[in-house]
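Biologist: I am new to this structure. Please walk me through how to read a few of its features.

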Amino acid sequence: MAESSSLKVYGDYLSQPSRAVLCLCLLNNIPFKFVETRPMAGQHLTQDFKKINPLRKVPAIEEDGFTLGESTAILKYLCNSKNIPEHWYPNDPKKRALVDQYLDWHHSNTRKCNLYFIGVNAQFYPKDFITWDPAQIKKEAYQAVKVINDVFLKDRKFIASDDEMTIADLCALCELAQLHMTRFDFSKFPKVQEWMKRMFENKVIQKVHVPLFKFKEKLVQHPRL
């Protein structure tokens with residue numbers, strides 16, 4: 001990892017929003033120090049981390065006394081404050097609006113794919129953590145991927161652009177990568193399959209996801225999902 005004393009990224013490779021931030025930094029050679037903060041080990045609940053992010057979630061960043069949580073806010077901040085190619089978060093109002101349109105939709109839809117992932121891998125979570133209906137979370141996960149396939153990727157090579165990646169692609173990919181850890185049937189969504197293959201051809205994106213795919217070896221999937 002590239003490091004500097006100014007920007008610190010607090011996150012976990014098993015956290016999809018953390019991976020999106022790490023991808024952006026590494027793809028653009030943004031100097032940073034990675035501070036591993038593992039929610040599954042309770043490291044996000046310490047008093048020290050609360051000073052960085054009172055919401056006690058990863059990812060979070062700290063730079064010259066400035067702290068920030070929420071992955072999309074962090075991604076936008078990095079795009080606006082660092083010298084990186086404009087295509088990640090375009091200056092053109094219409095092009096930027098397409099990125100924002102997906103990001104606004106993402107939180108209430110694509111993010112639900114993680115519930116499917118958690119449900120499948122229930123043995124890693126407290127028994128009272130999973131209180132939702134398996135059939136419902138499976139339905140919502142498939143519906144989210146269907147919309148990405150039929151709407152966002154209908155006439156585009158990328159989520160919000162015809163020719164280059166944006167931060168919308170990083171958010172979507174890191175979320176859908178969780179579904180590769182399950183029996184999710186991507187064959188129903190050819191445009192998503194093609195897009196994911198194209199994204200994972202990038203060596204940096206591959207590297208960021210190595211810990212996630214190693215984690216897959218430990219999984220025993222929930223029979224109801």
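**Reading salt bridges, a helix and a cavity**

Modeller: Start with one pair. Asp150 and Lys146 form a salt bridge through their side chains, 2.7 Å from N to O. Keep in mind that this is a predicted model.

Biologist: How many residues apart are Asp150 and Lys146 in helix H6?

Modeller: They are four residues apart, so about one helical turn separates them. Asp150 is partly exposed, at 34% relative accessible area. Lys146 is partly exposed too, at 39%.

Biologist: How many salt bridges does the structure hold?

Modeller: Six. To call one, look for a side-chain nitrogen of Lys or Arg within 4 Å of a carboxyl oxygen of Asp or Glu. Lys76 and Asp100 make such a pair, at 3.3 Å from N to O.

Biologist: Which parts does the pair of Lys76 and Asp100 tie together?

Modeller: Lys76 sits in helix H3 and Asp100 in helix H4, so the link joins parts 24 residues apart in sequence. Lys76 is partly exposed, with a relative accessible area of 24%. Asp100 is among the buried residues of H4.

Biologist: Where do Glu140 and Lys112 lie?

Modeller: Glu140 belongs to helix H6, residues 134–152, and Lys112 to the loop between H4 and helix H5. Their salt bridge has its closest N and O atoms 3.8 Å apart. It ties together parts that are 28 residues apart in sequence. Glu140 counts as partly exposed at 24% relative accessibility, and Lys112 does at 30%.

Biologist: Now a helix. How far does H4 reach from its first C-alpha to its last?

Modeller: Compare the span with the one expected at 1.5 Å a residue. At its start, a side-chain oxygen of Asp92 comes within 3.0 Å of the backbone nitrogen of Lys94.

Biologist: Which residues of H4 are buried?

Modeller: Buried means under 20% relative accessible area. In H4 these are Val99, Asp100, Tyr102, Leu103, Trp105 and His106.

Biologist: Last, the inside. How many cavities of 30 Å³ or more does a search of the whole structure find?

Modeller: One. The largest cavity holds about 60 Å³ of space. His106 is one of its lining residues, and Ser71, Cys171 and Glu175 are also among them.

Biologist: Which element gives the most to that lining?

Modeller: H7, with three residues. Helices H1, H3 and H7 each give two or more. By class, the lining has three nonpolar, five polar and two charged residues.

Conventions. Residues are numbered from 1 along each chain as its sequence is written. This is a predicted model: local features need pLDDT of at least 70, side-chain atom pairs count only at pLDDT 80 or more; totals for chains, interfaces and linings use all residues. Side-chain values use heavy atoms; hydrogens and water are left out. On a 1 Å grid over the protein atoms alone, a cavity is a set of points where a 1.4 Å probe fits but cannot get out, and a pocket is an open set with protein on both sides within 12 Å along at least five of seven lines; lining residues have an atom within 4 Å of a point. Grid points are joined across faces, edges and corners, and a volume is the space filled by probe spheres set on the points. Ala, Val, Leu, Ile, Met, Phe, Trp, Tyr, Cys and Pro count as nonpolar, Asp, Glu, Lys and Arg as charged, and the others, Gly among them, as polar. The expected span of a helix is 1.5 Å times one less than its number of residues. Buried means under 20% relative accessible area, exposed over 50%, partly exposed in between (1.4 Å probe, protein chains only). A polar contact is a pair of N or O atoms within 3.5 Å; within protein, one must be able to donate a hydrogen and the other to accept it, and residues adjacent in sequence count only if both atoms are side-chain atoms.
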